[in-house]
Each structure stands twice: as structure tokens, then as C-alpha cells.
Amino acid sequence: MLALRILTALVLAPLFLAGLFLLPPGGFALFVGAFLLLGAWEWAGLCGFGGAGRAAGGLLLAGLAAGAWFAGLREAVVLVGCGAWLLMALAVVRFPAGRRLWERPAARALAGTVLLLAAWSGLTLLQGRSGGPWLVLWTMLLVWGADIGAYFAGRAFGRHKLAPAVSPGKTVEGLAGGAIAALLLSAAMAAAAGFGPGAIPAVAAASLLVIAASVVGDLLESLVKRVAGVKDSGTLLPGHGGVLDRIDAVLAAAPVAAALVAAFDLVPGGWLGSASA
């Protein structure tokens with residue numbers, strides 16, 4: 001299973017990187033939108049919708065994304081998404097309290113629409129900034145580092161359950177290992193970009209918040225799957241399950257990263273901006 005997961009990742013990673021660095025902002029928006037529409041199809045399935053309902057959900061999401069793009073509302077969507085993820089973190093911590101609400105298909109559908117739209121807005125805003133492709137890559141490396149580090153640290157040292165009611169396999173030790181791995185990757189990118197010592201607090205704070213968001217995204221999808229009574233969101237990706245099973249952490253990390261980049265003014269000319277010069 002691990003070998004199959006690695007093989008799938010080796011196919012998807014170059015494809016994503018090509019789209020990230022080679023496409024203009026509009027093309028990247030469509031490229032990322034295609035992946036999120038696949039995620040929307042799977043999320044609608046987790047809500048119990050059939051083919052017609054899934055298609056309608058995808059069309060709604062595409063229409064909202066187009067409206068946000070042309071009306072200049074992506075920043076507002078990101079802020080709404082960050083607020084929504086604070087509520088999602090509370091829902092994860094309190095679960096199984098609130099399960100009856102999550103059992104309502106309409107509630108799951110509303111949450112999915114907001115979160116998917118916020119993720120698309122965050123990624124496209126990041127990529128469109130000066131040094132934007134590097135900022136997106138930074139975000140993805142934080143997510144991947146946290147995920148891979150948690151997997152191996154959890155297997156080696158995991159003893160204390162992180163959120164047993166939501167995802168019994170995740171441990172506090174895995175969380176710590178993932179955070180350390182992701183922070184090391186973030187530090188490496190900051191060093192490569194020639195970031196000065198004065199920027200270290202902002203970079204560290206942003207990195208920790210993005211890592212925390214990615215963990216909440218992972219756990220929320222586990223919560224939704226638990227309520228829906230399924231193990232994977234789909235079967236599209238061999239060894240990984242569905243698209244949502246691979247982008248769940250990104251759904252939370254992307255809007256949080258976009259908000260933090262703007263709040264800390266990490267670009268242009270600073271955080272990774274020099275790497276694109």
C-alpha cells in the first residue's frame with residue numbers, strides 16, 4: 001500500500017508543479033478548480049447525493065468561484081473560510097457532540113461548499129502574488145511535511161490518541177513529528193530565499209498556524225467520513241482513496257496561508273519573493 005501511495009504521488013506531484021509554475025493565474029485557477037471540482041463531487045457523495053445532486057453541486061461551486069474571481073471577492077471568501085475553519089476546529093474537538101447536525105446532508109453540503117471555495121480562493125490568490133508559485137509550494141510543503149512526518153512519527157512513537165472519536169489512528173506524537181518535519185522544510189525554504197533573522201518570528205508563526213490548519217482539515221474529513229460511514233472519499237487515486245483524501249489538509253491550509261501572507265506582508269521582496277527574481 002505504501003509503495004502504491006508513493007507511485008501515485010510521483011505522478012501527481014510533477015503534474016501539480018508544472019501547473020503551478022508554468023500556468024498564468026487564470027490558467028492556474030482553472031487547473032486547481034478541476035481538482036476541487038473532483039473534490040466537490042466526492043464531498044457531495046459523502047452528503048448522500050446521487051449523480052444529479054453531485055453535478056448540481058459542482059456547477060454551483062464553479063459558478064461561485066467564477067463570481068468571486070470576476071467580482072474581486074476572493075479575499076473576502078478567504079476570510080470567511082478562515083472563520084469557518086475555526087468553527088470546524090471546534091466541531092472536531094467537541095465530536096461526537098454535534099453529530100446530529102453533521103448527520104444532516106444540508107449541513108455537510110454547506111460546509112463543503114464554503115471550504116472548497118475558500119481553498120480555491122486561497123490557492124489562486126497565493127499563486128497570483130509576486131513570488132506566488134513559491135508561496136504555494138511553501139504551503140504545500142508544510143502540508144506534505146506535516147502529513148509524512150506524522151505518518152512515520154506516529155508509527156514509531158505513537159502512544160497518545162489525538163482525536164480518538166474522529167480518527168483513532170492519529171496520535172499526539174505523530175502531530176509533533178509532523179510539525180517538526182514541516183518546520184524544517186519551512187526553514188530550508190526561508191534560508192534558500194535569503195530571509196533575514198528579523199523575519200523569523202513571522203515565518204515561524206505563519207508556518208505553525210498553517211500546520212495547525214492542515215491538521216484540522218485532515219481531521220474534519222475524517223469526521224465527515226465517519227458520519228457518512230465510509231473509509232475513503234472515493235477510489236480515483238490508487239493507494240490514496242479519493243481526491244478529498246489527498247487534499248483534505250490543503251482545504252484548510254490554503255485560505256489560512258493566503259490570509260497570513262497578506263497579514264504579515266510576506267511578499268513581495270521578502271518571503272520567497274527573492275527566490276522568484
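Buried means under 20% relative accessible area, exposed means over 50%, and partly exposed lies in between (1.4 Å probe, protein chains only). The model is predicted, so local features need pLDDT of at least 70 and side-chain atom pairs count only at pLDDT 80 or more, whereas totals for chains, interfaces and linings use all residues. Residues are numbered from 1 along each chain as its sequence is written, and side-chain values use heavy atoms, with hydrogens and water left out.

**Exercise 1.** Classify Cys-47 and Cys-82 by accessibility, and count the disulfides.

Solution. Cys-47 has a relative accessible area of 3% and is therefore buried. Cys-82, at 19% relative accessibility, also counts as buried. A disulfide is a pair of cysteine sulfur atoms within 2.5 Å; by this rule the count is zero.

**Exercise 2.** Describe the geometry and location of the pair Phe-16 and Phe-28.

Solution. Rings of Phe, Tyr and Trp (its six-membered ring) pair if their centres lie within 6.5 Å; planes under 30 degrees apart are stacked, over 60 edge-to-face, and the rest tilted. The structure holds seven such aromatic pairs. For Phe-16 and Phe-28, the centres are 6.5 Å apart and the planes at 65°, an edge-to-face pair. Phe-16 lies in helix α1 (residues 2–22) and Phe-28 in helix α2 (residues 25–46), so the pair ties together parts twelve residues apart in sequence. Helices are DSSP runs (H or I, at least four residues), numbered from the N terminus. Both Phe-16 and Phe-28 are buried.

**Exercise 3.** Which residues do ring pairs link into a cluster with Phe-16?

Solution. Ring pairs link Phe-16 with Phe-28, Phe-31 and Phe-35.

Methods:
Helices (H or I, at least four residues) and strands (E, at least two) are DSSP runs, numbered from the N terminus.
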